[in-house]
Every structure is written in structure tokens, then in C-alpha cells.
Amino acid sequence: MTEVPFVDLAAAHAEVERQVRAGFDRVMAKGAFVQGPDVAGFEREYAHFSGAVHCVGLGNGTDALELALRALFHERGADGPGAATDVVMPANTFVATAEAVVRAGGRPVLVDVDPDDLLIDQDLAAAATGPSTGAIIPVHLYGRLAPMERLLELGPPVLEDAAQSQGAVRDGRGLAGAIAATSFYPGKNLGAYGDAGAVITGSDELARTVRLMRDHGSERKYHHEILGFNSRLDTLQAVVLRAKLRRLDGWNEQRRAAAARYAELLAGIPGLVLPRPAGGEHVWHLYVIRVPRRDEVAARLAELGIRTGIHYPVPVHLQPAFRHLGHGPGDFPVAEAAAGRILSLPMFPQITEEQQRRVADALRKILG
Ligand SMILES: *Cc1c(COP(=O)(O)O)cnc(C)c1O
């Protein structure tokens, strides 16, 4: 019995192999492995894709979040003592969001999520925002943009965690905050062949600061304006990303078709809660259902050759690494309840109807 994989990166590679190999040959022939025209080209193309003025390529998505936040703090003079460095963010996210906040000198102020889509609850975010708030980070988890209309009016700048939402829109609109950070980790909708990330912004000033920070605080070689890092987008990764970006709209469309097919195939299975349909706006990085006895169901699916994931099993406030925030069980009940029931089903552009039927048949057999 062949497995139904959770993601199939080889299938995506097969579609771009020719361009990627030609691009690698070009870079290797020149021996220009850092920065260069492929990085600049990708930045231009990704900014255009995102409807943004600037894209700055970086080493990974966590650095993108950290540098974006540092740039916001820098712009507001908030990197001095006594400045507003609280950062309002959801408890249900990948740990990197909180990590980046702490690394940038901020303090995560966690809020619970909406029980329907598990994205940041705008009312709770508003209640948590005050004079000490330096930024707000909605996380566009699973491929759906979080609601932002109220967040944008609260005052502090909004940094969007767009690692899972490449190509998503909401009410016809794309990224709307001061700056957004994304990740090109291999399994993301736009994935590199290793680590990579970027920030996207309409602000010349923020883009310039992030550009400085990614390259040792320097615009002119050996002249260092600010304290920086080494977090450049790798040139070979830029080659991969340029080849894949041309296919991203089509791949997102295939994900939408797969999500619609899951909705049909899984309808009526007892105990299952399916994600709400979202027309053409969602890019379905993950297809997350909720099931009773989740761990047992996941184990039975694995026995039947079906690979699943959990995004994420432990909310940020219950992670030992964030013990210093002083939270305990019960503080964010929606995120906690969801963490015990969510299950991410196989989802990738090339998933076949037959593979999806096997997932549905297995779930029906286990739960029916
Ligand atoms: C992947 C991801 C990140 C971090 O990206 P890396 O490139 O792995 O550092 C941050 N936030 C979210 C929501 C992610 O899914």
C-alpha cells in the first residue's frame, strides 16, 4: 500500500526542475553565490506578486519577523529604554512568532483566538492594546488572512506574520499592515530548497532598515551604520523561488480545488468539524479539521498509510520556553481546546482525487 504523504515536495520539484537546474548552472558558472541578480530579481517579482513596493529577501521567516519588528522599533525610537515594546499576538501560532518578538527585545502579549477560524480575536487584541504596545502581530495561519480592520485602527503598527498565506486575500485586499514577514521554508506554499524568508512593505524607510540589518548594518561594504546581522536570502534559493513563483497562483488554485473536494468527501462524517469555506481568498497552506480522540484518530490514519500533522499541539503560553510570561493552563481556553482536537490532513497542489478519497474513506471507517 502506498502512503498518502502529508506534502509532496518531489511532485512540486518535478514541475520546476528544468528551470532550477538551468538557474543553478548559471549561478555556479559565475561563482556569485551571495546576493546578485537572482536575489534582486526575486525581490522585484515577489513584491509585485504581493502588491507591495518592497520585498527584502532574508535567511528565513523567523529572521524576517525579528528584523521587521526591529525595524518598527527602530523607526519609532522604541529601541531605547522605557519604550513601548509589548507585542500583541495570538496564542495559537508556530513558536517562531513569539521567538522573534523576544529576540527583537519585545514582550509577547498573548491573546486568545476566534473559535471558528482559530485566528487572532480582534476584540481581545483591542483590549490587550495600550500605551505599552509597540506592535500588533496577526498571524495569517493555515492560509487565511486574519481579520485586520480593527487592528489597523488601534494605533500601534501592524506586522503581519504571512508565513502561511502567500497569495491570500481578504475582502479582496492583500497585505495591509505596515510590514509583513514571510517564510519560504520548503513546505510553505512557496517553498525554497532550504531556509529562506522575506519582508514585504510599502515603506521606503522600513525596507531600508531591514536591508541594512540583513547585511551587517551596511549599505557600503565595511561601513556599518547600525548593528546588523547576517541574514541574506541565499542566491541558489532565489533561483528556486523565481522558478516556483511563476507557478504559485496555479498551485494555490489547485489547493482551493483540493479543499473544495475535501469539503464534499468529508461531509457527514460523525464528529468532524471542517474548516469554513472561504471562496477564492484562502490559499489552504493547511487543511485543518477538528476531531474527537485526535491522537487515536491520527494513529489509526498512520496505520492506514495516511500522514497527518498537528499545527500546533501546544499553544505558545504552555511552552516551557515561554514560562517567563507567567501563563498557565486555562489562560487561553479557545487555543487550548483547539490544540487537543486539530488535525491537518494531507494538502499539496498535486494531491489527487484518489488520494483524497483514501483520506476520507479512512476517516469514515475510523469515526463512522
Ligand atoms: C514557518 C513559520 C514561521 C517561521 O519561518 P521559518 O522560515 O521556519 O523561520 C513563522 N511563523 C509561522 C506562522 C510559520 O508558519
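The domain assignment of this chain gives two parts, domain 1 (9–241) and domain 2 (248–367), with bounds that come from an automatic or database domain assignment. This is a predicted model, in which local features need pLDDT of at least 70 and side-chain atom pairs count only at pLDDT 80 or more, while totals for chains, interfaces and linings use all residues. Residues are numbered from 1 along each chain as its sequence is written, and side-chain values use heavy atoms, with hydrogens and water left out.

|---|---|---|

Now for the chain as a whole. It holds 10 helices and 11 strands; these are DSSP runs, with helices being H or I of at least four residues and strands E of at least two, numbered from the N terminus. Among contacts between residues at least 6 apart in sequence, 68% join residues at least 24 apart.

How does the radius of gyration fit a compact globule? For 368 residues such a globule would have a value near 21 Å, and the chain agrees because its own value is 21 Å. The radius is taken over C-alpha atoms, and the globule rule is 2.2 Å times the number of residues to the power 0.38. Along its principal axes the C-alpha trace spans about 65 × 55 × 35 Å.

Finally, 52% of the 368 residues count as buried, meaning under 20% relative accessible area with a 1.4 Å probe, protein chains only.

Technical notes. Buried means under 20% relative accessible area, exposed over 50%, partly exposed in between (1.4 Å probe, protein chains only). Contact means heavy atoms within 4.5 Å.
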